[in-house]
There are 2 protein chains.
Amino acid sequence: MPSYKLYYFEGRGLGEASRQLFALADVPFEDVRLTKETFVELKPTLPYGQVPVLEIDGVQVPQSVAIARFLAKKFGFAGKTEVEQALVDGICDQWKDFYAETKPFYYGNLGICPPGWEDLEKAKTEVLIPARDKFFGFLKNLLNKNKNGFLVECGVTYADLFIVDNMTSLVGWFPGYFEGHPEIEAYYKRVQDIPQLKAWLAKRPNTPF
Amino acid sequence: MPSYKLYYFEGRGLGEASRQLFALADVPFEDVRLTKETFVELKPTLPYGQVPVLEIDGVQVPQSVAIARFLAKKFGFAGKTEVEQALVDGICDQWKDFYAETKPFYYGNLGICPPGWEDLEKAKTEVLIPARDKFFGFLKNLLNKNKNGFLVECGVTYADLFIVDNMTSLVGWFPGYFEGHPEIEAYYKRVQDIPQLKAWLAKRPNTPF
């Protein structure tokens, strides 16, 4: 078995989906959690000067979704057929578009709001809620189509992990996040109720993002 | 062989890398180029209401990078090993971050500039040039490491196609784009000189983006 070392900050953010894949597959890894100081030290040695980075037997793989897809393919959470894998990739990229779109609210809650978005209530009403309604619509279509409670036929995939962990942050900052969307709240709970994931959620460090 | 139908606008944009993969592999496909009117008609039938969409024997795959990765895996332009595939995915995601960062200049040149970025000269100086210098730095590191003229060991991949086609747009709007970066300009030409690609570039419709 290769030796895996995952570098990320002391937070869930863009590193958590990969940690959850290790948990789902019950594969050991070194969970390196950087402070501001250790990150600054490490930065010049990282391919794009940022984290997450996964080190596989010494080879550094950067970019959160690329890392998670690599692990998901290895562990069986990337889709079964070639077409299903493409659909999972597409779902995750659609989520990343949603994540980018909602940065004024997300980063605002982390205290690093983009210029012009100092008013978090405005970011919530003008950015987050319309983006949520559109994105939840896509998720509902996928859930209605698959009938198995997940977004694609094969069950849970790395795309669910990014989506659900991001929901954890958003509902923490905006408790009404699921209001009017009970089927999405049920999906959110369904993913977190997967036994291996539930066990990880119970034991992982408690962090604000 | 499956039947492929690629839906995108009458432009290169986020659909062109997939068209180029068909050209590289010499695989026939239906190149459906939508007008504003035909797009509006099609929109409600598309998974996320947007293009590109690839139809494979009737199954719709959305999201530009997911589509290109699917084709690249089929045709042999996605990386040879699992780790190399992850590195290629990471390069492409890094490019997508660059693409998102440079939207004020890119979309400004298409006449749909984001609010506050009406001054294209300002977008060039304050956004495009710093983002370019950072991104070109990453590309130079990869080129120096591989020594084969491409970004990974196996040669040309779908990531090069997104990167190089985007360069075509940027250098068209900013002729000094490669100034001071001769190794990047050489890389740009090297990719376009691949015979199957060169033939496609000579015969494809000439569009402004």
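Predicted model: local features only at pLDDT ≥ 70, side-chain atom pairs only at ≥ 80, totals over all residues.
User: In which helix do Tyr158(B) and Phe162(B) both lie?
Analyst: Residues are numbered from 1 along each chain as its sequence is written. Helices are DSSP runs (H or I, at least four residues), numbered from the N terminus. Four residues, about one turn of the helix, separate Tyr158(B) and Phe162(B), and both lie in helix H7 (residues 158-173) of chain B.

User: How many aromatic pairs does a search of the whole structure find?
Analyst: Rings of Phe, Tyr and Trp (its six-membered ring) pair if their centres lie within 6.5 Å; planes under 30 degrees apart are stacked, over 60 edge-to-face, the rest tilted. Over all chains, the search gives 38. One of them is the stacked pair of Phe98(A) and Phe135(A), with 15 degrees between the planes and a centre-to-centre distance of 4.8 Å. Phe98(A) lies in helix H4 (residues 82-101) of chain A and Phe135(A) in helix H6 (residues 120-146) of chain A, so this pair ties together parts 37 residues apart in sequence. The total asked for is 38 aromatic pairs.

User: Over the ring of which residue does the charged end of Lys122(A) sit?
Analyst: A charge sits over a ring if NZ of Lys or CZ of Arg is within 6 Å of the ring centre and within 35 degrees of the ring normal. The charged end of Lys122(A) is 5.0 Å from the centre of the ring in question, that of Trp117(A).

Key: Chains lettered and ligands numbered in written order. Heavy atoms only, no water. Helix = DSSP H or I, 4+ residues; strand = E, 2+ residues; numbered from the N terminus.
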